[in-house]
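Student: I would like to learn how to read a protein model step by step. Could we take one feature at a time, with the general idea before the case?

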Amino acid sequence: MIFILFEDKNKGKLNVAVVYVDWADSPGTDEDYKFYQEQTKILKDFYWMVSENFLELNLVFSNKWFRINGSYKDFITLSEDEAQTGSAPKKQKFYDAAVAASDPQTNYAGIDMVIFAIPKGKKVFAEGLHEFNWLYNGYLKTAEGNIFDIVAAGDSYLIPTHLPPWVLYAHEMGHMIGTPHQADETSKGR
């Protein structure tokens, strides 16, 4: 993973809300709660290191699991549902439901990015939902205002044999602060 941090966006503090959401048929556990605390702590340490101590993440954790109405099955997405561009109604359906569940007890004022933590027990998102402030196709409509930088880990990051969620968060946050994908010029077209 290569990161190039741009001078105008890699200094200061970003307020990152870690919002725990679950469903009646996929309830969050204490173990899941701690898992996401650990993953976001690694994310925080990673950005502190790669920014050479110039970018601080202020992590704000919800103090409980917020229950989304309906079944987790109503929110299952495949890779093609997690579109980077164009319409992505399944993602927006989750964002709207997560905000409806959490907004009454969550102050989203001043939040720059939201990480949604979901229970690890069921397969919900194929890869993981994410949005960037500059590539709009989904957003959070909170009482305090709209938020355009969002990420939620999916199966590719929650299944233990794959990459851990902090890797997804770090990668997507890089885009959120302006880091593009870097061209792979060593694989000769592979």
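This is a predicted model: local features need pLDDT of at least 70, side-chain atom pairs count only at pLDDT 80 or more; totals for chains, interfaces and linings use all residues.

Student: Which residue does the side chain of D45 meet in a salt bridge?

Tutor: The general idea is that side chains of opposite charge can pair when their charged atoms come close. Here the side chain of D45 meets that of K41 in a salt bridge, at 2.8 Å from N to O, and K41 is itself partly exposed, with a relative accessible area of 44%.

Student: Where do K41 and D45 lie, and how many residues apart are they?

Tutor: An α-helix has 3.6 residues a turn, so residues three or four places apart point the same way. Both K41 and D45 belong to helix α1 (residues 30-50), and their spacing of four residues is about one turn of the helix.

Student: How many salt bridges does the count come to?

Tutor: The count comes to five, and among them is one between the side chains of D22 and R67, again 2.8 Å from N to O. That pair links distant parts of the chain, since D22 sits in strand β1 (residues 12-22) and R67 in strand β3, 45 residues apart.

Another of the salt bridges joins the side chains of D81 and K90, at 3.4 Å from N to O. In this pair D81 is buried, with a relative accessible area of 17%, while K90 counts as partly exposed, at 40%.

Student: How many helices and strands does the protein have, and in what order do they run?

Tutor: There are four helices and eight strands, and from the N terminus on the order is β-α-β-β-α-β-β-β-β-β-α-α. To see how the chain comes together, one can look at contacts between residues with a separation of 6 or more: in this protein, 78% of these are between residues 24 or more positions apart. Of the 190 residues, 50% are buried.

Student: What does Q92 contact, leaving aside its neighbours within four places in sequence?

Tutor: Q92 has its place in helix α2 (residues 89-102), and beyond those neighbours it is in contact with G138, Y139 and K141. Its side chain also makes a polar contact with the side chain of D96, at 2.8 Å. Q92 is buried, with a relative accessible area of 15%.

Student: Which backbone angle deserves attention in E52 and N53?

Tutor: For each of them the angle to look at is phi, with a positive value in a residue other than glycine: near 55° in E52 and near 70° in N53. E52 lies in the loop between α1 and β2 (55-61), and N53 lies in that loop as well. As for exposure, E52 counts as exposed at 62% relative accessibility, while N53 is partly exposed, with a relative accessible area of 46%.

Student: To finish with a helix, how many residues of α4 are buried?

Tutor: The helix α4 is mostly covered, with eleven of its twelve residues buried, including W166, L168, Y169 and M173. From its first C-alpha to its last α4 reaches 16 Å, close to the 16 Å expected at 1.5 Å a residue. After α4 comes G178, whose phi is positive, near 110°.

Key:
Residues are numbered from 1 along each chain as its sequence is written. Side-chain values use heavy atoms; hydrogens and water are left out. Helices (H or I, at least four residues) and strands (E, at least two) are DSSP runs, numbered from the N terminus. Buried means under 20% relative accessible area, exposed over 50%, partly exposed in between (1.4 Å probe, protein chains only). Contact means heavy atoms within 4.5 Å. A polar contact is a pair of N or O atoms within 3.5 Å; within protein, one must be able to donate a hydrogen and the other to accept it, and residues adjacent in sequence count only if both atoms are side-chain atoms. A salt bridge is a side-chain nitrogen of Lys or Arg within 4 Å of a carboxyl oxygen of Asp or Glu. The expected span of a helix is 1.5 Å times one less than its number of residues.
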